[in-house]
Amino acid sequence: LIRSLRLQIIAEWRSTEQKRIEAEERCIMESVRQQQRMEETREDRAREREEAKEHRHKMLCEKMEEEKKQCEEMEHIHQDLYLEANRHCEDKMVSTHKCFMIWAVYQHV
């Protein structure tokens, strides 16, 4: 009877201990999953920041390229106007003073 009682107590202790260990393992696994979720969130945010940075850089480069093209176009127009004024002066045999005035106007366009 005593032996049977001891075996029963030992069996209950083992069962209780097993349940405690399983509960600790569940707690540890939940903690690990939470850490993984936090790490994934951190990585997602870092990736989003990097993508936004790359997008801003791309947009800035495109804007700078467009401004460069506009500058080159304006320079080309300026050169064309200057040459046209020069041809006009040569064709009409306009005085040097008048040509200088025309060139001065076109240089400020």
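Here are a few worked exercises on the structure above.

Before you start: this is a predicted model, where local features need pLDDT of at least 70, side-chain atom pairs count only at pLDDT 80 or more, and totals for chains, interfaces and linings use all residues. Residues are numbered from 1 along each chain as its sequence is written, and side-chain values use heavy atoms, with hydrogens and water left out.

**Exercise 1: the overall picture**

Work out what secondary structure the protein has, and what share of its residues is buried.

Solution. Start with the DSSP runs, numbered from the N terminus: helices are H or I runs of at least four residues, strands are E runs of at least two. That gives two helices and zero strands. Next, sort residues by relative accessible area: under 20% is buried, over 50% is exposed, and anything in between is partly exposed (1.4 Å probe, protein chains only). Of the 109 residues, 4% come out as buried. Finally, take the accessible surface (Shrake-Rupley, 1.4 Å probe; for residues, only the protein chains shown count as cover). The total is about 10300 Å², and carbon and sulfur atoms hold 57% of that.

**Exercise 2: salt bridges**

Find how many salt bridges the structure has, then look at the one between Glu24 and Arg20.

Solution. Use the cut-off first: a side-chain nitrogen of Lys or Arg within 4 Å of a carboxyl oxygen of Asp or Glu. Searching the whole structure turns up six. For Glu24 and Arg20, the N to O distance is 2.4 Å. Both sit in helix 1 (residues 2–92), four residues apart, or about one turn of the helix. Glu24 is partly exposed at 41%, and Arg20 is partly exposed too, at 39%. Now widen the view: Glu17 joins Arg20 and Glu24 in a network of salt bridges.

**Exercise 3: two further pairs**

Describe the salt bridges Arg47–Asp44 and Arg37–Glu30.

Solution. Take Arg47 and Asp44 first: their side chains meet at 2.4 Å, N to O. They are three residues apart in helix 1, so about one helical turn separates them. Arg47 has a relative accessible area of 44% and Asp44 one of 32%. Now Arg37 and Glu30: their closest N and O atoms are 3.1 Å apart. Both are partly exposed, with Arg37 at 38% and Glu30 at 36%.

**Exercise 4: a charged patch**

Which residues make up the patch of negative charge on the surface?

Solution. Asp and Glu count as negative, and the charge of a Glu is placed at CD. The patch gathers Glu65, Glu66, Glu67, Glu72 and Glu73. One of them, Glu66, lies in helix 1 and is partly exposed at 42%.

**Exercise 5: cysteines**

How many disulfides does the structure hold?

Solution. Look for pairs of cysteine sulfur atoms within 2.5 Å. The count is zero. As for accessibility, Cys61 is partly exposed at 37%, while Cys71 is exposed at 56%.

Methods: Patch = residues over 30% accessible without salt bridge, like charges linked within 9 Å, V, L, I, M, F, W, Y side chains within 5 Å.
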